[in-house]
Amino acid sequence: MVNRSFEYLRPETIGEAVEMKAAHGTRARFWAGGTDMMLLWNRREVAFDYCIDLTYVPALRYIECSGDALRIGAMASLDDLDLKSDLNPLAAALGHTARLMCTKQTRTIATVGGNMCHASPSADLTPPLVAMGARCRLLGPDGERDLPLEDFHLGVNETALAESEMLTEIHVPGVDGKVAAHYDRVARTVVDIALVSSAVFIKVNAGNRIERAGVALGAVAPSVIRVTGAEETLVGRDLSNVNNGVTTTAGEEAASAARAISDIRASKEYRTDMVATLTARAIRQCISSLEGTA
Amino acid sequence: MNVLHKPKKFKIVGQGIPVIDAREKVTGSLEYGVDFVLPRMVHGKIKRSTVPHARIKRIDVTRALALPGVLGVVTHEDAPGLNWMGVWDNYRGQILDGISRFVGDEVAAVAATSVEIADAALDLIDVEYEPLPAVLDVEKALLDDAPQVREEGNVRDEYRVVWGDLDEGETQADYVIDQEMRYKAQNYAGIGRNACICTWDGDQVSMWTSSQTPSELQTGIHQAFGIPMSNVRVVALPSGCSFGLWWSNNFMMVTALLARKVRKPVKIELTSQECMAAVKRRHIEITRGRMGVAKDGTLTMADFSHLMDNGAYGFKTDVYFFCCDLWGGARNGDYRVRGVNTNLVTSGCMRAVGDITMGLAVERLADKCAHKVNMDPLEFRIKNQIKSGQQLRMQEPRQHMKGNLTDYIDGLTEEQTGNWPKMFHLSSGSTHELLLKGAEKFRWHERWKGWGVPTRVNGSKRRGVGVGTGAHCCGVEFGGNTSSVVRLNHDGSVNVFSAAGRQGQGSETTLVQVAAEEMGVPVEKVSIVTGDTYVVPWASGSSASTTMFRTGWATREACRDAKTQLLKIAAREFFDGIDHEKLDIEDGIIRVADDPADNRRIAIDELMNVLCSDSLSQTSVITGRPNGVMPPTIAFARQWAAQFAEVEVDVGTGEIRITDYLAGQDSGTVMNPKVLKNQVIGGAICGAGFVLYEGMEFDPSDGRVLNDSLLDYKLLRTGDFPSDPEVFFVESQDPVGPFGARGAGESPAAAAGPAICQAVHNAIGVWVDVPMTPETVMRAIKENEGPKAMAS
Amino acid sequence: MTRLNVNGQSFDVDVKAHEILSDVLRNQLGLIGVKVSCAEGECGSCTILVDGVPATACLMLGRQGERHEITTIEGIGTHDELHPIQEAFVEEQGFQCGFCTPGFIMMAKAFLDENPNPTEEEASMAMSGNICRCGAHPYIVKSVLNAAERMQGRHESKRTTGSTGASA
């Protein structure tokens, strides 16, 4: 117990990292940014014998647009996300979200992949990514699989990762065309965990008709909630038809989908009320961005 | 015999010189408690209770002692009957007495060769508790059949200030309004943590730790361990932000116990979680009040009852609230305060104790009265607040060993009291000029649109303005509890020895400015020791806004004493026996004052060298100390603050943003404007945080602190406060304080809450409970039906 | 042995796998300007530069300092030769107790390197990753703006004289 420590492993390629994990199984943990892991370790809420530090694997750190997809390497930092805001409207929305997260000097350490794998119900990045229809790529000794991000998150701090799998990439397909996304949340001070949040994604066709919409809520359930009711309210409408009545209805759909709980940060009632307000606001924000580009 | 302050042109007073440790601070080289190390030092860790109230039935340390690297363990068996009392009742009681009184209380401690080993050893100490009933609610703790937390009982004597006749006041009132306000405990949340390093050699105890109150700590060690004060050396290191957290704390006593056990230097360094959940906090408080107002805006009565929980080891019998003086225009008044113990982490005086809480309730109730008679809050304050020269409401502030304050004063000789200001009357300053000046600077009359009327509406965003006032003491107590010694060296340089804290308030600098001004030497020629009890005279320390006023007074008096000695010799040796009072010192040169024609000059160092030379050998140095008795501060001096805020409230989410801020301060003569403006804005931000977000959450089942980290205890950041607030000063000079200065650090914290709360009310038309978190704002809007057209 | 490049010098230090970078810098290299308060990445007191990028040293493993250039407050200026940012903090008194100050200054360094001519609003948001409990907030922001002027050679030292009517 005195020597409560671990062995530090430093792969430099994805292959090495996966091999190390396969070799040590549950006795090993990946150390991405480590900003959550460090706290868990210090509070003795996690134990492992091997720390596989991924910070020296350059192949995992990228943010790029290729084809019709926005691709984010698991080791891209939250600060990278901010710095790549000008890639496209979705990157801008993610950059905006990243700037709300923790502090600048921690965003340079914290990673997108780490944030996803920690699977916190109040994670800021999850709602916009889910709303955008993001998918994640998992790599294990037996190969790669790809699944929707909403299926990756199973519950509080629970993911679909198999024992020796590693999250390598988050990608958002179909980002070409006229798209907008916005994430809104309620927080206390300028640096805070979201008390409640909502993200909206809208894609319109050439005629400014909404052809795809995504609405996802944070901090109102063990993991992110996708509000299909609200999405259906939006899809098929002309942008000019999205009036206050429509945003209010979508907000109400969001509130009825929420399964909030009360904790020291906020009550169930407040969270439920707020997802309606935030969803309506995020929709209006997307509409005005799209109108601005129209 | 002290001489009243005569205004004159100052050379050093009023200069915004950089604080003397500025370079150390910006280069990171200043050593705080956590940075301090000694050779051969070992490390201690504290085993903390997991239950709110229990007797330790059995404690087995065998396994811990067997761990390689463990040097010793202390438990209650090593500490029979060790008791100490903090000077201001913030923390007192037994050290490791075998009873746990809150989750996090100390039950044992380990010393080991490394922090990690000590930490690991904690898990190897087996404790068997015999649970005792716990009381976690401040009101339940008052009941006769409540579990008793302390031997002395939970409930402290009621402290009361009464004037006039409440019934009379009620008859005179056209309206009587009542209100209850409940406050969560504010966490000190001191950035910087703390550590204590102690050595115990023979019968000599030395301790290095960050502390605002070095002398109090020296007394605490003397009391607990029965060691003569002369053998106790406390070196108070600078602390991180303290606000009253780091006075004397039990963990320092535990460090001493470990040092005695292992006879090696021991360092206990607290984690942030320990600092936030196991040391001290502000009290949970409840204020119930009634105020009566006549249609013409005269307050006819003020009737307040205040309750505060002391937690496990707090022992406040009173809270030095000064809102009763601030609103002293009320014709009849009755203010009652009670303190009671609970099985929660200890509470103690935090910045603006009483005035940030009870003061907020009084201000809010006064605002409601003003609203009722449709009077501008600024006019209402001018009409009902105390003015300079008027009688103070607080008459008998504290029982003393010699009886009450009147008895004490009556017992003094004419020579001692001399030309004291009129007792129980406000010597100088008030909110009046602050409000007038502030209104002009803030364009109050233009921006205030009426009660509950926003100044601007933009979608869901509503702006409102508010004004708030605050007062506090300038040091408490009244007899000889501060002193300073100055030493004039051969070369004309000056050492000042004053027990004071260095928690960022800049006292080391302002005391140097006092000394330099009085001695007539440049600041570079003065250096100060504030923390080492081997050399500094006893003083109650930097608490209760004492340092500038009382220790500053003592420092000036000590300089005056040294200067008189010096000038007498100079008069005799170099100025043909002229009356020494005709001499003065400027820039280190002694000359005849007010006589430009007389060109005789002698530098201090020249004179000192002659004195020390073989031919005269009269002395080696000149030492000065205060000769007179400082008048009882509390009977005449107060500090005043008036602040103006504009806020923007999002009525869709309840989020509040402060958009404009103006802070006016009357602390008498400004010793250093940079230091003071920082204190004023720092106070405002402390008060703003308290009413916006800050509040400790306790587990209802066992009282453990749930938000013991900054992740969920939210402090304002630069982006949460306007970047360009204005600060202005009104300098109503004090007749006693050094060069007319008074205390400063606490009234600004008291004024902020009322200003911000009123601004929120004016923005959205409803009063919001504090802390005004987004959720609380939305609840208030809902409950009161809020602005008619709630935007989303 | 772990090789750390700190403030332009190389050090070979014995770092345990779980040791935190801030502890290594403080305890093994004696760099007490790396202040640690919350140890959770919230307060920013331990901010250092890693290849010029600001990072909370309390959230990094000591081994993760390898193959990088680390800069601490000790690396940017000394008592006798202050960095312009340090001079600005002295002049504006952008601190009270001073515990959080090295972290603020390191953050300001990274920020001004990226944005040499910031607005007040930008400076205020950029400094929000650090916490000053004393409440020197506006003076910290002023320090950053003052430093920006100094670093561009546009600064004339202000002297505060007298106190009457002094305003912030």
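Between chain B and chain C, 31 residue pairs are in polar contact, both residues being at pLDDT 80 or more. A polar contact here is a pair of N or O atoms within 3.5 Å; within protein, one must be able to donate a hydrogen and the other to accept it, and residues adjacent in sequence count only if both atoms are side-chain atoms. pLDDT is the predictor's confidence in each residue, on a scale from 0 to 100.

Some ground rules. This is a predicted model, in which local features need pLDDT of at least 70 and side-chain atom pairs count only at pLDDT 80 or more, while totals for chains, interfaces and linings use all residues. Residues are numbered from 1 along each chain as its sequence is written, chains are lettered from A and ligands numbered from 1 in the order in which they are written, and side-chain values use heavy atoms, with hydrogens and water left out.

By class, the side of chain B that touches chain C has 30 nonpolar, 23 polar and 16 charged residues. For the classes, Ala, Val, Leu, Ile, Met, Phe, Trp, Tyr, Cys and Pro count as nonpolar, Asp, Glu, Lys and Arg as charged, and the others, Gly among them, as polar.

In all, 69 residues of chain B and 61 residues of chain C take part in the contact, where contact means heavy atoms within 4.5 Å. The two chains bury about 5200 Å² between them, and carbon and sulfur atoms give 53% of that area. Buried area is the accessible area (1.4 Å probe) that two parts lose on being put together, summed over both. On the chain B side, Val26(B), Arg717(B) and Thr718(B) supply 14% of the area buried against chain C, more than any other three residues.

The rule also finds seven salt bridges across the interface of chain B and chain C, a salt bridge being a side-chain nitrogen of Lys or Arg within 4 Å of a carboxyl oxygen of Asp or Glu. Arg26(C) and Asp35(B) form a salt bridge, at 2.7 Å from N to O.

Next, chain A against chain B. Here 26 residues of chain A contact 27 residues of chain B. The buried area is about 2300 Å², with 56% of it on carbon and sulfur atoms. Seven salt bridges cross the interface of chain A and chain B. Asp192(A) pairs with Lys714(B) in a salt bridge, with 3.3 Å between the closest N and O atoms. Polar contacts across the interface of chain A and chain B come to 14 residue pairs, both at pLDDT 80 or more. On the chain A side, strand S11 (178-186) and helix H11 (268-293) each supply at least two residues. H11(A) gives the largest share, seven residues. The side of chain A that touches chain B has 13 nonpolar, four polar and nine charged residues.

Now within chain A. Chain A is divided into domain 1 (7-53), domain 2 (60-172) and domain 3 (178-293), with bounds from an automatic or database domain assignment. The centres of domain 2 and domain 3 of chain A, taken over C-alpha atoms, are 20 Å apart. Contact between these domains involves 23 residues of domain 2 and 27 residues of domain 3. Domain 2 and domain 3 of chain A bury about 1900 Å² between them, 64% of it on carbon and sulfur atoms.

How many salt bridges does the rule find across the interface of domain 2 and domain 3 of chain A? Two. Asp124(A) and Arg185(A) form a salt bridge, the closest N and O atoms being 3.0 Å apart. Seven residue pairs are in polar contact between domain 2 and domain 3 of chain A, both at pLDDT 80 or more. Helix H4 (89-99), helix H7 (126-132) and strand S8 (153-155) of chain A each supply at least two residues of the domain 2 side. The largest share of that side, six residues, comes from H7(A).

Last, confidence. Chain B has an average pLDDT of 93, and 95% of its residues score at least 70. Residues 1-6 of chain B stay under 50, and the model has 23 contacts beyond four places in sequence for them. Residues 786-792 of chain B also have pLDDT under 50, with 19 such contacts beyond four places in sequence.

Note on methods:
Helices (H or I, at least four residues) and strands (E, at least two) are DSSP runs, numbered from the N terminus.
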